[in-house]
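Work through the exercises below with the sequence and the structure open. Each task is followed by a solution in steps.

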Amino acid sequence: MVNHNSMSLVDILKQSNSLLPYVALTSSLLALISPQSFTWFTSSYYAPALGFLMFAVGVNSSEKDFLEAFKRPAEIFTGYFGQFVVKPIIGYLLCIISISVFGLPTAIGVGMVLLACVSGAQLSSYATYLSDPKMAPLSIVMTSLSTVSAVFVTPLLLLFIVGKKLPIDVKGMVFSITQIVVVPITFGLLLNRFFPQICDAIRPFLPPLSVLVAALSAGAPIALNIESVKSPFGVAILLLVVAFHSVCFIVGYILSGFMFRDSPDAKPLQRTISFETGMQSSLLALALANKFFEDPVVAIPPAISSPIMSLMGFSLVVIWSKTRRGEE
C-alpha cells in the first residue's frame, strides 16, 4: 500500500505539466488584477528562470541527442527561415494593418515589427520537450542559432523595415545565451551522464517546479508593465498579438509539413518547427523597446506577447501530447 501511494504521488508530480495552460492563464489574470503579486519577479530573475527550464531538458537528454540534431541541416534551416523571414513578413503586414486599417499609432506597428524581428523563445524548446521529448535537442539548436545570430540580424531587419538603427550589446547577448542555454543544459547532461541516481531522484520534482517558473515568467511581464497593458490600445494590441502568434504557429506547421512530408518523423518535426515559429523572445523585444525607443507604446506588444505566447504554446503542448500518444 505504501508503495502504491508513493508511485501515485510520483505520477501526480510528473503529470503536473498538463496544468501549464491553466496555470499560465491564472497567473496572467492574477497579474492584471493584483500586479504586486508578480512585481517582485523582476527582469533579473528571467535568465535564471529560463536556465532552470533548460536544465530540466538537459537532465532528460544525452549528448548523443544533440550530436544527432546537428546532423539535420535542412530542418535547422527551415526553422531559421521561419524565424527571420516568415515572422518579420507577418509582423510587417500586421504593422500595416494596424496603422492603415485600424488607425492605431505608428508606435504600435513598430512594436509589432520589433516583436517579429527578435530571436525565438527559449520556452519553445521546453514546449517541444513536453510534447516531443526526442525533438528537444533540435529545438534547442534552432533557438540557440537564432538567438546568437539575432545580434546581427535583428538590427538589420529593423533598419530595413522601420529605418531604425538599433545597436545591440553583442557581448551581453553572447553572455546571455551562455547563461540561459549552454551552462544549464551542459550541467544537466553531465549530471545525467555521471550521476544518474541523482537525476532519477530529482526528475519527479522538475515538472511542478517548471510549472511554477513558467507561471512567473508569464505573469511578471504583465505586472511590471501594467500601465502600458491597460492603455486605451490594450485590447487592439491583444488582438494583434493573438493574430501574430496564431498565424506563426500555423505557417510553421504547414511549411514544415510541406518540406518534410516524406520524413519518418514528419509530425514531430511539424510540431517542433511550429513551436519555433510561433513562440518569440518577447522579453528580449521588451528590453529593446524600453532601451532604444522613446515612445513607451512600442513596448506594449512585447509585454502582452509574453503571457499570450506562453498560454497558446502550452495549450498546444497539451493537445499535441495527446496526439503523440495516439500516434504511438
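**Exercise 1. Find the residues that Ala-299 contacts, leaving aside its neighbours within four places in sequence.**

Step 1. Contact means heavy atoms within 4.5 Å. With those neighbours left aside, Ala-299 is in contact with Leu-286, Ala-289 and Asn-290.

Step 2. Ala-299 sits in the loop between α15 (282-292) and α16 (300-327). Helices here are DSSP runs of H or I with at least four residues, strands are runs of E with at least two, and numbering starts from the N terminus.

Step 3. The relative accessible area of Ala-299 is 3%, so the residue is buried. Buried means under 20% relative accessible area, exposed over 50%, and partly exposed in between (1.4 Å probe, protein chains only).

Step 4. Ala-287 is 12 residues from Ala-299 in sequence, and their C-alpha atoms are 8.2 Å apart.

The model is predicted: local features need pLDDT of at least 70, side-chain atom pairs count only at pLDDT 80 or more, and totals for chains, interfaces and linings use all residues. Residues are numbered from 1 along each chain as its sequence is written, and side-chain values use heavy atoms, with hydrogens and water left out.

**Exercise 2. Trace the salt-bridge network that links Arg-72, Glu-75 and Asp-265.**

Step 1. A salt bridge is a side-chain nitrogen of Lys or Arg within 4 Å of a carboxyl oxygen of Asp or Glu. The structure holds six salt bridges. Side chains of opposite charge can pair when their charged atoms come close.

Step 2. Arg-72 and Glu-75 form a salt bridge at 3.2 Å, N to O. Glu-75 counts as buried because its relative accessibility is 10%.

Step 3. Arg-72 also pairs with Asp-265, at 2.9 Å, N to O. Asp-265 lies in the loop between α13 (234-259) and α14 (266-278) and Arg-72 in the loop between α4 (63-69) and α5 (73-101), so this pair ties together parts that are 193 residues apart in sequence.

Step 4. Asp-265 is buried as well, with a relative accessible area of 18%.

**Exercise 3. Is Ser-149 buried or exposed, and which residue's side chain makes a polar contact with its side chain?**

Step 1. Ser-149 belongs to helix α8 (residues 136-162). Its relative accessibility is 13%, so Ser-149 counts as buried.

Step 2. The partner is Tyr-80, whose side chain makes a polar contact with that of Ser-149 at 2.9 Å.

Step 3. Not counting residues up to four places away in sequence, Ser-149 touches Tyr-80 and Phe-84.

Methods
A polar contact is a pair of N or O atoms within 3.5 Å; within protein, one must be able to donate a hydrogen and the other to accept it, and residues adjacent in sequence count only if both atoms are side-chain atoms.
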